[in-house]
Every structure is written in structure tokens, then in C-alpha cells.
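Please keep the sequence and the model in view while reading.

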Amino acid sequence: LDDLDLKINAEKLYRYIRESLDDREQEIIEWRYGLIGDGLTQREVAKKLNISRSYVSRIEKKALAKLRRQFEEDDR
């Protein structure tokens, strides 16, 4: 049952990423958390996108909040 629950939540997460986040947010979340290859540091992501590390941090925080809200709404 735990494996099934994990699979269902993983599918929800991928769907929420596609539906709730803009392209840049998706890219940052995918790179940071290893959804595309190995996970990268904020500094590495910033270098790839030619933006500051602090900007990556702000975008990541905003994207995670959006995803959290999606899960909370789904639990209602």
C-alpha cells in the first residue's frame, strides 16, 4: 500500500508541475530535484539560466508553494 500511495503522489506531482508552474519554474524544479538527470545546486541552475542564485531561490520557493497548495487543495 505504501508503494501504491507513493506512485499516486508521484503522478500527482508530475501533473501539478505541468499544470501549475510556468516554464521557468518547471525547469528549475526539474533541475533542482533531479527530475531531469542529477539534481543541481541553485548555483549550477543559475549558471545554466544566466540568472543569479538568489533569483533561482526565489523562483524555487514560489514554485514549491504553488505545488504545496495544489496538494492541500487535492486533500480537501
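The charged end of Arg32 is placed over the ring of Tyr33, at 5.8 Å from the ring centre. This comes from a predicted model.

Charge over a ring
- Lys48 has its charged end over the ring of Trp31, and the distance to the ring centre is 5.2 Å.
- Trp31 is also one of the buried residues of helix α2.

Aromatic pair
- The model has 1 aromatic pair.
- Its members are Tyr16 and Phe71, and because their ring planes stand at 85°, with centres 4.9 Å apart, the pair is edge-to-face.
- Tyr16 belongs to helix α1 (residues 2–20) and Phe71 to helix α4 (residues 53–75), so the pair ties together parts that lie 55 residues apart in sequence.
- Tyr16 is buried, at 3% relative accessible area, whereas Phe71 is partly exposed, with a relative accessibility of 24%.

Helix α2 and its ends
- Helix α2 spans residues 23–32, and its buried residues are Glu25, Gln26, Ile28, Ile29 and Trp31.
- The cover over these buried residues includes α1, α3 (42–49) and α4.
- At the start of α2, Asp22 has a side-chain oxygen within 3.1 Å of the backbone nitrogen of Arg24.

Conventions:
Residues are numbered from 1 along each chain as its sequence is written. This is a predicted model: local features need pLDDT of at least 70, side-chain atom pairs count only at pLDDT 80 or more; totals for chains, interfaces and linings use all residues. Side-chain values use heavy atoms; hydrogens and water are left out. Rings of Phe, Tyr and Trp (its six-membered ring) pair if their centres lie within 6.5 Å; planes under 30 degrees apart count as stacked, over 60 as edge-to-face and the rest as tilted. Helices (H or I, at least four residues) and strands (E, at least two) are DSSP runs, numbered from the N terminus. Buried means under 20% relative accessible area, exposed over 50%, partly exposed in between (1.4 Å probe, protein chains only). A charge sits over a ring if NZ of Lys or CZ of Arg is within 6 Å of the ring centre and within 35 degrees of the ring normal. Contact means heavy atoms within 4.5 Å. A polar contact is a pair of N or O atoms within 3.5 Å; within protein, one must be able to donate a hydrogen and the other to accept it, and residues adjacent in sequence count only if both atoms are side-chain atoms.
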